[in-house]
Each structure stands twice: as C-alpha cells, then as structure tokens.
Amino acid sequence: MRYVAAYLLAVLGGNTNPSAKDIKHILGSVGIEADDERLNKVISELNGKDINEVMNSGLAKLASVPAGGAVAVSAAAPGGGGAPAAGEAPAAEEKKEEKKEESEESDEDMGFGLFD
C-alpha cells in the first residue's frame, strides 16, 4: 500500500509517469526502505496508465461489493416485522456487557489505565 501511496503522491506532484527512483525518494523521505520487488510490481502494473482511469475502474468494482448491512436486515425479517423476538434482546445486552468487561480487563493486563 505504501508503494501505491507514494506513486499517487508523485502523480499528484505533477509526475505523470513516476519511476522507481522517484518512489524510492518519496519513501526515503519518511524513513521507509523500498523493497525492489514490490516497487517494480506496482510500477509495472501502473506504467502507462492514467491514474484517474485506474481509480475509477476500482470504484466501479467496489460498487458491486455487498456492504453486509443487508444481511442483518434479512435475518431479522423472519422474526416477524421490525420488532425483535423476546429472547433476542437480552442476548444482545449480554454481549454488550461482555465486550465492556473484556476492554476493562485488557487495560489491566497492560499495567496501567487511562486515568491512573
């Protein structure tokens, strides 16, 4: 991801076709050593392509990915309307309480708390 980000920074800076040296310079400016294999992979994939077209085609692909929210709605539908079943509400409250307890325990494991 850092190689793609550096490539995009170079393009935003006005270099429409960044080289490996350009990307290494960007990454080196923040103390990151570039892996030549990964760097060359990014450059070979993006070389000669308009970055705006690449990003738009990626957005089109992401539009077809399900978001996951619809699954919860369809699972609740057989329960009978929009109201949850009598047994579902206490179970949800118990899960929330368990999560709160776990987060408090994780602070204790580190040896300090936020307000100590």
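Helices here are DSSP runs of at least four residues, numbered from the N terminus. With that in hand, welcome to this predicted model. V65 sits in the loop that links α4 (51-63) and α5 (69-76). Together with L59 and L62, V65 makes up a nonpolar patch on the surface, and the three share about 310 Å² of accessible area.

Now let us turn to how some of the helices pack. Two packed helices are described by the angle between their axes and the distance between the axes. Here are two pairs:

| Helix pair | Angle between axes | Distance between axes |
|---|---|---|
| α1 (residues 2-12) and α2 | about 105 degrees | 9 Å |
| α2 (residues 20-28) and α3 (residues 36-46) | roughly 120 degrees | within 10 Å |

Take α1 and α2, whose axes meet at an angle of about 105 degrees. Angles of 65 to 115 degrees count as roughly perpendicular, so α1 is roughly perpendicular to α2. On the α1 side, the contact involves R2, Y3, A6, Y7, L9 and A10, while α2 brings I23, I26 and L27.

The axes of α2 and α3 cross at roughly 120 degrees, which means that α2 is oblique to α3. The crossing of α2 past α3 is right-handed. In this contact, A20, I23 and K24 of α2 meet D36, L39, N40 and I43 of α3.

Which side chain does D36 meet in a salt bridge? The partner is K24, at 2.7 Å from N to O. Because D36 belongs to helix α3 and K24 to helix α2, this pair ties together parts that are twelve residues apart in sequence. The model's count of salt bridges comes to three.

How values were computed
Residues numbered from 1 in each chain as written. Predicted model: local features only at pLDDT ≥ 70, side-chain atom pairs only at ≥ 80, totals over all residues. Heavy atoms only, no water. Patch = residues over 30% accessible without salt bridge, like charges linked within 9 Å, V, L, I, M, F, W, Y side chains within 5 Å. Areas by Shrake-Rupley, 256 points an atom, 1.4 Å probe, with all protein chains shown as cover. Salt bridge = Lys/Arg side-chain N within 4 Å of Asp/Glu carboxyl O. Helix = DSSP H or I, 4+ residues; strand = E, 2+ residues; numbered from the N terminus. Axes fitted to C-alpha atoms, helices over the stretch in contact; angles between N-to-C directions. Parallel < 35°, antiparallel > 145°, perpendicular 65-115°, else oblique. Left-handed = near helix turned anticlockwise from the far one by under 90°. Contact = heavy atoms within 4.5 Å.
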